[in-house]
Amino acid sequence: MADHEKRVAARAAAELVEDKMSVGLGTGTTVAYFVPALAARRLDVRCAVTSPHTETLARGAGLRVERFSTVDRLDIAVDGADEVAPDGWLVKGGGGAHTREKLVASAADRFVVIVDSSKLVHALRPPVPLELLAFGLASTVRRIEAIGPVRRRDAARSPDRGVIYDYLGAVDDPRRLADALCGIPGVVEHGLFPPEMVTEVVVGRGGSAERLRPGGDGR
Ligand code: 5RP
C-alpha cells in the first residue's frame, strides 16, 4: 500500500511542474516515483539533484541535470519525508541526504513534500538525522550528547564527506532542538525542516492524493 500511495503522491506532484521550470529533485523511494512521472510529461525543465542516486535516475529518465553550484534559485523542489507533523514540521534524512535536500528546498520558490499516508504523525519522534563534520567529530558528538543521546549510523559518508549520525532524544519542541543543534560547531545540518520552508504536502492516501498546507500560506 505504501508504494502505491507514494506513486499516487509523486504523480500528483508531477502535475504541479510547468514548462521551462527549474526543478529540485530530492532523494528516496518516493522521489524515485516522481522522477519518471516528471519525465513522462516531456516538459522542457532543468533539474538540480540532491544525491548521486537521484542524478542517475534523472539522467536515465532523460531529464536535464544542472550543477547546483551554478543555480541560484529554483521554481519548485519536490522531495519525500520521514515524518510530517500536523503543524508542518518535517523530519528528513532517512537516506542521509538532508543537507543537500535542505539547500535545494531553501532555494526553491515552492517546496512540495510527497509522502504516503504512513508518514503523517501526531508528533515528531526520533531519530533525527544529523550530518557532522569529520574534523573534531568526538568533541561535536560530546556537545550533542549534552542535549540528548546520539548514535553513529552504519552508513556511507555523505557526498560532501559528512558523517551521518542519528539524534535519539525527544523532539518535543522541534524549533528549540533545531536551534540547539544549529548552535553546535561541527553540526553541518540536521533533518528538522520547519513549516515555513514547506509550501505544501501531497499525501497519497489509498488511490487519491490529498494536498495539505500545514504551514499556512507557506511560500
Ligand atoms: C532522504 C530523505 C527522504 O526524502 C526520506 O527519507 C523519505 O524517503 P522515502 O521516500 O524513501 O520514504 O530525506 O535523505
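In this predicted model, Lys 92 lies over the face of Phe 193, 5.6 Å from the centre of the ring. A search of the whole structure turns up one aromatic pair, and it is made by Phe 111 and Phe 193, whose rings are 6.3 Å apart centre to centre with 35° between their planes, a tilted arrangement. Phe 111 belongs to strand β7 (residues 108-116) and Phe 193 to strand β12 (residues 192-193), so the pair ties together parts that are 82 residues apart in sequence. Both Phe 111 and Phe 193 are buried.

Next comes the ligand. There are 17 residues around the ligand, and Thr 29, Thr 30, Asp 82, Gly 93 and Lys 119 come nearest. Thr 29 places a polar side-chain atom 2.5 Å from a ligand oxygen. Thr 30 has a side-chain N or O atom that is likewise 2.5 Å from an oxygen atom of the ligand. For Asp 79, an N or O atom of the side chain is 3.3 Å from a ligand oxygen. On its own the ligand would expose 380 Å², and the protein buries 92% of that.

Then there are the charged pairs. Side chains of opposite charge can pair when their charged atoms come close. The count here comes to 17 salt bridges. One of them joins Lys 20 and Asp 44, with the closest N and O atoms 2.8 Å apart. This pair links distant parts of the chain: Lys 20 is in the loop between α1 (2-14) and β1 (22-25), while Asp 44 is in the loop between α2 (29-40) and β2 (46-49), 24 residues apart. Lys 20 counts as exposed, at 55% relative accessibility, whereas Asp 44 is partly exposed, at 31%.

Arg 153 and Asp 166 meet in another salt bridge, at 2.9 Å from N to O. Arg 153 sits in the loop between β9 (150-152) and β10 (163-167), and Asp 166 in strand β10, so to speak a link between distant parts of the chain, 13 residues apart. Arg 153 and Asp 166 are both buried.

Arg 205 pairs with Glu 210, their closest N and O atoms being 2.7 Å apart. Arg 205 is partly exposed at 37% relative accessibility, and Glu 210 is partly exposed at 29%. Finally, salt bridges with shared partners join Lys 20, Asp 44, Arg 46, Arg 64 and Glu 66 into one network.

Notes:
Residues numbered from 1 in each chain as written. Predicted model: local features only at pLDDT ≥ 70, side-chain atom pairs only at ≥ 80, totals over all residues. Heavy atoms only, no water. Phe/Tyr/Trp six-rings, centres within 6.5 Å; stacked < 30°, edge-to-face > 60°. Helix = DSSP H or I, 4+ residues; strand = E, 2+ residues; numbered from the N terminus. Buried < 20%, exposed > 50% of the residue type's maximum accessible area, 1.4 Å probe, protein only. Lys NZ or Arg CZ within 6 Å of the ring centre and 35° of its normal. Near = heavy atom within 4 Å. Polar contact = N/O pair within 3.5 Å; in protein donor to acceptor, adjacent residues only side chain to side chain. Areas by Shrake-Rupley, 256 points an atom, 1.4 Å probe, with all protein chains shown as cover. Salt bridge = Lys/Arg side-chain N within 4 Å of Asp/Glu carboxyl O.
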